[in-house]
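Thanks for making time this morning. I would like to walk you through one model, so please have the sequence and the coordinates open as I speak.

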Amino acid sequence: MGASHATVARMFNCARITVTRLMQRLGQTGSTTDRPRRGRPLVTTPAEDRHIRVLHLRNRTITATETAATALGHRISRQTVYRRLRQHGIRPRHPYRGPFLTRQHRINRLLWARRFRRWQWRDWTRVLFSDESSSPSSGMMVGSVFIDDVGNVWLRIVSNKSDHLAAAG
């Protein structure tokens with residue numbers, strides 16, 4: 001004959017009643033697919049859904065509002081476009097523009113680059129840790145840990161006021 005509903009349910013890791021109902025549906029309709037349900041019918045066809053998807057993949061800057069107004073022969077809502085795109089795994093994205101840099105930021109970056117422009121690879125391999133932290137008393141502080149050729153560990157603290165090099169121990 002065949003396996004019991006409980007055995008099949010254990011094989012597929014589902015409830016026994018799920019297998020029982022699927023078997024009943026197979027006997028009644030000849031298929032296990034879902035029956036038509038009540039609810040508002042979709043305003044877009046599968047072909048229109050694919051068209052929306054392709055449109056957004058080809059032009060990533062187009063908005064859902066523009067698509068809703070112009071893409072199809074009939075008007076659909078912006079929210080419908082969002083839902084169709086989400087079904088295809090397409091999420092809204094904003095282009096990365098980088099950090100906002102003031103004039104002072106740019107000057108500080110240039111000074112830092114000029115200060116270390118002559119460093120060789122071996123100099124950079126000695127940097128173990130670098131951190132920036134803001135301190136109310138000393139302004140911006142940068143700390144770096146170096147190991148010299150002999151193996152001594154040095155801690156360099158650079159603040160707006162001074163530059164200290166101390167043996168770490």
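Let me begin with a definition: a residue is called buried when its relative accessible area is under 20%, exposed when it is over 50%, and partly exposed in between, with a 1.4 Å probe and protein chains only. Please keep in mind that this is a predicted model, in which local features need pLDDT of at least 70 and side-chain atom pairs count only at pLDDT 80 or more, while totals for chains, interfaces and linings use all residues. Residues are numbered from 1 along each chain as its sequence is written, and side-chain values use heavy atoms, with hydrogens and water left out.

With that cut-off, Arg84 counts as buried because its relative accessibility is 5%, and Asp49, at 11%, counts as buried too. What does Arg84 form with Asp49? The two form a salt bridge, with the closest N and O atoms 3.2 Å apart, where the term stands for a side-chain nitrogen of Lys or Arg within 4 Å of a carboxyl oxygen of Asp or Glu. Arg84 lies in helix H5 and Asp49 in helix H3, so the pair ties together parts that are 35 residues apart in sequence; helices here are DSSP runs of H or I with at least four residues, numbered from the N terminus.

Turning to those two helices, the axes of H3 (residues 46–58) and H5 (residues 78–87) come within 10 Å and cross at roughly 80°, the axes being lines fitted to C-alpha atoms over the stretch in contact, with angles from 0 to 180 degrees between N-to-C directions. That makes H3 roughly perpendicular to H5, a label given to angles of 65 to 115 degrees. The contact, meaning heavy atoms within 4.5 Å, is made by Asp49, Ile52, Arg53 and His56 of H3 together with Val81, Arg84 and Leu85 of H5.

On H5, the buried residues are Thr80, Val81, Arg84 and Leu85. They cover an arc of only 130° around the axis, which puts them on the same side of H5, the arc being that of the directions from the helix axis to the C-beta atoms. These buried residues pack against H3 and helix H4 (64–70).

Finally, the count comes to three salt bridges. Asp34 pairs in this way with Arg25, at 3.5 Å between the closest N and O atoms, and Arg37 with Asp34, at 3.4 Å. Asp34 counts as exposed at 54% relative accessibility, as does Arg37 at 69%.

How values were computed. Parallel < 35°, antiparallel > 145°, perpendicular 65-115°, else oblique.
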